[in-house]
Amino acid sequence: MIVLRLTCSLFWVDVRLREINGRWIASADTPNGPSLGLGERAIDAITGALEPFSSIADELISSLPAWGLDQA
């Protein structure tokens, strides 16, 4: 399991990422509990998990470490 802390100007979000049988699942912490995302690529799963933060999701995704983008 890969654990990422994505940051933006307002706060941070912890995201857990895992590959299972060639597909990715991501879980992001939200004030209302975990949000899940699925995808063939890690970035698709992360984007789905960040849906509750849609207004700042791009800023959060831009904080992915360089190696995270390679994984995605």
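Arg16 stands opposite Ser27 in strand E3, and that pairing is a handy way into this fold. We're looking at a predicted model, where local features need pLDDT of at least 70, side-chain atom pairs count only at pLDDT 80 or more, and totals for chains, interfaces and linings use all residues. Residues are numbered from 1 along each chain as its sequence is written, and side-chain values use heavy atoms, with hydrogens and water left out. Helices (H or I, at least four residues) and strands (E, at least two) are DSSP runs, numbered from the N terminus.

**The sheet**

- The 4 strands make an open sheet, ordered E1-E2-E3-E4, and the pairing is antiparallel; two strands pair if DSSP finds at least two bridges between them.
- E1 and E4 are the edge strands, each pairing on one side only.
- From one strand to the next the twist averages 25°, with axes being lines fitted to C-alpha atoms (for helices over the stretch in contact) and angles running from 0 to 180 degrees between N-to-C directions.
- Helix H1 packs on this sheet and touches E1, E2, E3 and E4, while its direction makes about 150° with that of E4; contact means heavy atoms within 4.5 Å.
- As background, strands of a sheet pair through backbone hydrogen bonds, either parallel or antiparallel.

**Strand pairs and a turn**

- E1 (residues 2–7) and E2 (residues 12–20) run antiparallel and are joined by 6 bridges.
- Those two strands form a hairpin, with 4 residues between them.
- Ile2 has Leu17 in E2 as its bridge partner.
- E2 also pairs with E3 in the antiparallel sense, over 6 bridges.
- Asn21 lies in the loop between E2 and E3, and Asn21 has a positive phi of about 55° although it is not a glycine.
- For context, most residues other than glycine have a negative phi, and most peptide bonds are trans.
- Asn21 is exposed, with a relative accessible area of 79%; here buried means under 20% relative accessible area, exposed over 50%, and partly exposed in between (1.4 Å probe, protein chains only).

**Charged pairs**

- The salt bridge count comes to 4, taking a salt bridge as a side-chain nitrogen of Lys or Arg within 4 Å of a carboxyl oxygen of Asp or Glu.
- In general, side chains of opposite charge can pair when their charged atoms come close.
- One of these links Asp14 and Arg5, at 2.9 Å from N to O.
- Asp14 is buried at 15% relative accessible area, whereas Arg5 is partly exposed at 48%.
- Another salt bridge joins Asp29 to Arg16, with the closest N and O atoms 2.7 Å apart.
- Asp29 lies in strand E3 (residues 23–30) and Arg16 in strand E2, so this pair ties together parts that are 13 residues apart in sequence.
- Both partners count as partly exposed: Asp29 has a relative accessible area of 37%, and Arg16 comes in at 24%.
- Arg23 and Glu40 form a salt bridge too, their closest N and O atoms being 3.9 Å apart.
- With Arg23 in E3 and Glu40 in the loop between strand E4 (33–39) and helix H1 (42–49), the pair ties together parts that are 17 residues apart in sequence.
- Arg23 is partly exposed at 40% relative accessible area, while Glu40 is exposed at 59%.

**Rings**

- Arg5 turns up again here: its charged end sits over the ring of Trp12, 3.6 Å from the ring centre. The rule asks for NZ of Lys or CZ of Arg within 6 Å of the ring centre and within 35 degrees of the ring normal.
- How many aromatic pairs are there? The count comes to 1.
- The rings are those of Phe11 and Phe53, with centres 5.7 Å apart and planes at 50°, so the pair is tilted. Rings of Phe, Tyr and Trp (its six-membered ring) pair if their centres lie within 6.5 Å; planes under 30 degrees apart count as stacked, over 60 as edge-to-face and the rest as tilted.
- Phe11 lies in the loop between E1 and E2 and Phe53 in the loop between H1 and helix H2 (57–61), so the pair ties together parts that are 42 residues apart in sequence.
- Phe11 is partly exposed at 34% relative accessible area, but Phe53 is buried at 10%.

**Around Phe53**

- Leaving aside neighbours within four places in sequence, Phe53 is in contact with Phe11, Val13, Asp29, Thr30, Pro31 and Leu60.
- Phe53 and Thr30 are 23 residues apart in sequence, and 8.4 Å apart in space from C-alpha to C-alpha.
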